[in-house]
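Trainee: I am new to this structure and would like to go through it with you. May we look at it together?

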Amino acid sequence: MIELTDLTKRFPGAERLAVDHLTLTVPEGEVCVLIGPSGCGKTTTMRVINRLIEPDGGTVRVAGRDIMAVDPVELRRSIGYVIQQIGLFPHWSIAQNVATVPRLLEWDEARIARRVDELLALVGMDPAQYRDRFPRELSGGQRQRVGVARALAADPPVMLMDEPFGAIDPITRARLQDEFLNILRSLAKTVVFVTHDIDEALKMGDRIAILRDGALVQYDTPEAILARPANGFVESFVGTDRALKRLALVRADAALEPLVALAHDHAVDSGTSLRDALAFMFATGIDALSVTGAAGTAVGVLTVAGIRRHATTPK
Amino acid sequence: MLVEAWQFIVAHPDRFFAALLRHVELSAGALVIAIALAVPAGIAFAAKPRAALAAITLANVGRTLPSLAVLALVMPVLGTGFAPSLFALTLLALPPILINTCTAIRQVDPEIVDAARGMGMSRGQIVRGVEVPIALPVIFAGVRTAAVQVVSGAVLAAYIGGGGLGDFITAGIAMMALPQLFVGAVPATLLSIGTDQLFGRLQKSMTPKGLRA
């Protein structure tokens with residue numbers, strides 16, 4: 001768990017606060033996305049958590065510990081850190097890069113070697129093939145995989161990720177987002193994730209914190225932010241297509257209507273998002289389709305009208 | 001002429017090898033001292049932009065001074081002999097090493113340094129483990145420049161009584177004895193070329209594998 005209380009930061013010479021009395025709690029095992037326009041304080045807030053930036057006021061607790069009471073170097077070794085440009089060490093092999101924190105923690109060599117192979121496999125890279133390569137020999141997506149493996153090396157309970165997929169092409173990005181979301185969930189990491197891309201935020205976040213001018217505007221689940229934007233700023237920030245974005249977050253089996261005798265020509269899987277189902281229905285020119293469950297049998301019906309009810313903002 | 005020079009060497013091997021040894025001692029000594037001073041100074045200055053600028057500017061001025069002028073300027077203060085020559089040659093070697101170290105450290109990608117800090121490396125660990133290894137090829141290029149400059153400059157040490165191969169050259173000029181002049185000039189030239197070659201190879205072998213193109 002990460003608790004920020006009344007956090008304040010002003011950079012020397014700056015007129016306004018970079019972080020303005022921010023209070024925010026990230027529950028254990030959740031992904032919290034910090035998002036907002038440039039200069040909103042999202043990166044500054046993240047960098048305070050591992051003391052790359054020293055706060056001027058307020059407290060930060062990580063797993064109950066006040067970070068100001070911990071030596072910054074020790075603190076950082078207990079927090080995973082991934083940045084946009086990845087920052088792999090070009091003069092070190094992939095294995096040495098992944099082993100950075102375990103080496104700092106003085107693990108024995110055999111344990112480090114085991115851990116490196118384990119992590120490379122976890123992020124989908126064959127250890128035998130990549131262990132001894134150098135960063136410049138890898139593609140952008142592969143480097144980012146190594147960057148994440150390196151951050152996970154000493155199994156830190158908390159991870160900070162600063163636009164980790166910012167410099168990657170859209171197709172690779174979507175795949176890495178899915179993979180890393182699975183990894184982070186399965187390892188139950190508490191994550192603070194900075195991005196400026198609302199779609200990425202909606203996809204990655206258990207909760208999204210929308211910041212503006214250093215202050216917290218809204219902190220809620222993706223569903224709640226789309227359904228009930230706190231004000232006009234949030235509304236414009238999430239975009240005019242927020243109704244469609246909400247549909248992307250809802251699975252077909254959440255909007256089921258009872259099966260009727262009538263058979264439908266088309267069917268989708270129950271895990272399909274309502275947005276994809278709707279797109280499919282528009283493309284094929286139908287008003288209703290069957291939804292099939294895990295066993296492959298129809299469990300209900302999805303209609304355009306039913307989807308529309310889900311898209312309408314509840315008052 | 002070269003034959004006569006060779007005969008001179010064969011006739012006076014002690015004098016020749018003593019001069020050669022002195023030449024190498026002067027050069028190597030000056031280079032080692034300069035590395036010991038300029039590399040840590042360059043690293044320290046690199047962390048402070050204003051100090052870095054001042055150091056580089058000063059070093060650039062130092063670089064433009066003619067080698068003979070440096071030796072001449074040292075003489076009234078320190079007198080003549082081995083120590084003043086060593087001092088002057090060290091001064092000659094400092095600028096290229098200082099400039100290259102300072103510039104190379106400053107050119108290390110800030111994202112890499114940020115990642116190193118963010119993962120919990122101490123300042124010393126970042127300098128030793130990340131900044132210096134990445135900067136090493138450029139630092140070593142400065143050492144190579146300095147080495148060649150010192151080996152060439154050491155010829156001039158003869159003017160302030162520092163000895164070395166320059167002794168044969170000054171004597172040869174003074175007495176219009178061309179063979180003796182060659183005894184100094186040819187080995188001094190070969191030594192310079194050899195130094196450049198040697199340091200060029202060292203530079204390659206010192207470049208970390210991941211940074212080789």
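Trainee: Which residues does B:V150 touch, not counting residues up to four places away in sequence?

Mentor: B:V150 touches B:S27, B:A30, B:L31, B:L89, B:L92 and B:A93, with residues up to four places away in sequence left out. Two residues are in contact if their C-beta atoms, placed from the backbone, lie within 7 Å. Please keep in mind that this is a predicted model, in which local features need pLDDT of at least 70 and side-chain atom pairs count only at pLDDT 80 or more, while totals for chains, interfaces and linings use all residues. Residues are numbered from 1 along each chain as its sequence is written, and chains are lettered from A and ligands numbered from 1 in the order in which they are written.

Trainee: What is the mean pLDDT of chain B?

Mentor: The mean is 89, and 100% of the residues of chain B reach 70 or more. pLDDT is the predictor's confidence in each residue, from 0 to 100. The model as a whole scores ipTM 0.80 and pTM 0.81.

Trainee: Back to the core, then. Which residues of the largest nonpolar core touch the most other members?

Mentor: They are A:V33, A:V192, B:L89, B:A93, B:I97 and B:V150, out of 131 residues in that core. Helix α5 (residues 82-106) of chain B gives the most to this core, with twelve residues. A nonpolar core is a set of buried Ala, Val, Leu, Ile, Met, Phe, Trp, Tyr and Cys residues joined through C-beta atoms within 7 Å. A residue is buried if 20 or more other C-beta atoms lie within 10 Å of its own, exposed if 12 or fewer, and partly exposed in between. There is also a second, separate core of nine residues, which includes A:A255, A:L278, A:L289 and A:L302.

Trainee: How many residues of chain B are in contact with chain A?

Mentor: 17 residues of chain B are in contact with 20 residues of chain A. On the chain B side, α6 (110-118) and α7 (123-153) each supply at least two residues, and α6(B) gives the most, with six. By class, that side has nine nonpolar, four polar and four charged residues. Here Ala, Val, Leu, Ile, Met, Phe, Trp, Tyr, Cys and Pro count as nonpolar, Asp, Glu, Lys and Arg as charged, and the others, Gly among them, as polar.

Trainee: How many helices and strands are there in chain A?

Mentor: Chain A has 14 helices and 13 strands. Helices (H or I, at least four residues) and strands (E, at least two) are DSSP runs, numbered from the N terminus. Of the 315 residues of chain A, 40% count as buried.

Trainee: Where does A:E106 lie, and is it buried or exposed?

Mentor: A:E106 lies in the loop between α4 (100-104) and α5 (109-122) of chain A. A:E106 is exposed, with 7 other C-beta atoms within 10 Å. Its phi is near 60°, a positive value in a residue other than glycine.

Trainee: And what is the phi of B:M176?

Mentor: B:M176 has a positive phi of about 55°, although it is not a glycine. B:M176 sits in the loop between α8 (166-174) and α9 of chain B, and it counts as exposed, with 8 C-beta neighbours inside 10 Å.
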